[in-house]
Amino acid sequence: MKLRELVFINAFVVAISLAFINYYFQRDWYYFVLAFGVALVICYAVFYYLIERYVYSKIKLIYKLIHNLKLGKDLKDALGEYVSNDPINDVEQEVTEWARDKKIEIEALKNQEQFRREFLANISHEFKTPLFAIQGYIEALQEDAMDDQDLARSFLHKASRNIDRLTLLVKDLDVISKLESGEAPINFEKFEITHLIRDVIEQMEHKAKSHKIDLIFKDKYDSSFWVNADRDKICQVLVNLIDNGIKYGTENGFVAIKIFELHDQILLEVTDNGLGIEEKHLPRLFERFFRTEQSRSRQIGGSGLGLAIVKHILEAHQQTITVRSTEGVGTTFAFTLEKVMPNIITV
Ligand SMILES: Nc1ncnc2c1ncn2[C@@H]1O[C@H](COP(=O)(O)OP(=O)(O)OP(=O)(O)O)[C@@H](O)[C@H]1O
Ligand SMILES: [Mg+2]
């Protein structure tokens with residue numbers, strides 16, 4: 001309801017009441033109409049003035065303030081500008097919208113805060129484990145292990161492996177931060193994805209054998225599948241996914257890589273028949289440092305950065321990755337790459 005209508009209804013009720021009181025004393029319809037007319041005009045003018053002066057102008061101010069704060073203007077600008085003719089309705093709408101936006105903003109800030117806290121806890125935990133191990137070996141060497149040459153060599157070897165782990169951790173964090181800040185640009189090039197897959201398989205063959213896992217990439221993928229992507233970064237994606245397939249695989253199991261041709265994309269799948277992942281963990285799988293309790297408890301090496309890197313790389317390519325998994329049956333990661341049409345390949 002508009003302000004004028006509201007004031008008119010109020011003035012009407014008061015005026016008609018006064019007119020009836022007048023009629024009660026005068027018993028004359030002429031004075032009834034006259035009193036009603038005069039009271040209506042006076043009440044309307046007085047109510048309108050009071051509401052406008054004390055209530056409406058204040059609401060208008062609040063409305064203008066919120067409206068301008070939403071637009072990111074400061075208080076001074078907000079007070080200097082006229083915005084709406086019907087602020088009561090607008091203010092309700094704007095305040096609701098504003099409250100909703102603020103709620104979303106607060107939720108996001110809370111999540112970020114929680115994320116920051118978890119991130120710090122995770123990072124210190126990941127650093128602490130190898131650092132304490134190195135410290136332990138050095139202390140042992142300083143005390144008396146030096147006398148036993150074989151023991152000393154073994155401690156040094158173990159310390160060195162922990163240093164490798166720390167180095168890898170720093171490298172992974174560096175890759176993520178560079179991808180996030182855009183410092184690691186995507187160098188698009190057109191290349192044959194099957195060649196890259198074969199290279200990666202060759203590179204991972206040794207590790208797969210030591211875990212008794214078969215790496216499968218069928219000969220039928222001999223035909224060319226050209227993609228437009230950053231070759232080195234996609235190599236990293238494949239290495240991380242195949243590495244997971246091997247690490248979380250079962251003895252005498254397999255990791256298979258498959259290619260599917262879509263309309264303007266190539267879909268790659270990395271499937272294993274390993275441990276699988278509980279459904280409740282799937283939404284958090286690509287978060288930094290996320291590891292399932294199962295992989296932690298089995299003491300399988302890793303810091304939980306592999307999939308975060310994979311996701312960042314594919315997002316930087318404007319491509320997507322999905323995961324399907326059944327506990328005890330296996331896992332499939334599927335990601336897309338931009339397909340290059342054969343007629344535009346120039347080599
Ligand atoms: N193929 C898979 N099968 C079962 N679990 C998996 C698989 N891939 C990933 N996971 C689960 O997801 C977690 C995160 O994987 P991610 O590759 O990010 O880290 P990681 O392998 O533990 O360490 P990193 O890759 O940094 O060495 C793993 O710890 C594991 O619990
Ligand atoms: Mg991994």
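In the predicted model, the span comprising residues 31-51 is 100% helix and 0% strand, with its end C-alpha atoms placed 29 Å apart. Residues 7-25 are likewise 100% helix and 0% strand, and here the end C-alpha atoms are separated by 27 Å. Both spans, 7-25 and 31-51, are listed under "transmembrane region" in the UniProt record, which is an unreviewed entry.

The protein chain is divided into three parts, with domain 1 covering residues 3-85, domain 2 covering residues 119-181 and domain 3 covering residues 189-344. The centres of domain 2 and domain 3, taken over C-alpha atoms, lie 28 Å from each other, and the contact between these two domains involves 12 residues of domain 2 and 10 residues of domain 3. The size of an interface is often given as the accessible area lost when the parts come together. For domain 2 and domain 3 the area buried between them is about 1100 Å², of which 71% falls on carbon and sulfur atoms. Of the area that domain 2 buries against domain 3, 43% is supplied by Glu126, Ile176 and Leu179, a contribution exceeding that of any other three residues.

Polar interactions across this interface were also examined. Between domain 2 and domain 3, 2 residue pairs are in polar contact, with both residues at pLDDT 80 or more, and 1 salt bridge is found across the interface. A salt bridge links the side chains of Glu180 and Arg288, with an N to O distance of 3.0 Å. The side of domain 2 that touches domain 3 draws at least two residues from each of helix 4 (87-143) and helix 5 (149-181), and helix 5 provides the largest share, 8 residues. Classified by residue type, this side of domain 2 consists of 7 nonpolar, 1 polar and 4 charged residues.

Over the whole structure, the search for salt bridges returns 17. Side chains of opposite charge can pair when their charged atoms come close. A further example is the salt bridge between Glu113 and Arg117, in which the closest N and O atoms are 3.6 Å apart. Both Glu113 and Arg117 belong to helix 4, where a separation of 4 residues places them about one turn of the helix apart.

Note on methods
Residues numbered from 1 in each chain as written. Chains lettered and ligands numbered in written order. Predicted model: local features only at pLDDT ≥ 70, side-chain atom pairs only at ≥ 80, totals over all residues. Heavy atoms only, no water. UniProt positions renumbered as here; feature names shortened; annotations may be inferred. Domains from an automatic or database assignment. Contact = heavy atoms within 4.5 Å. Buried area = accessible area lost by both parts, 1.4 Å probe. Salt bridge = Lys/Arg side-chain N within 4 Å of Asp/Glu carboxyl O. Polar contact = N/O pair within 3.5 Å; in protein donor to acceptor, adjacent residues only side chain to side chain. Nonpolar A, V, L, I, M, F, W, Y, C, P; charged D, E, K, R; others polar.
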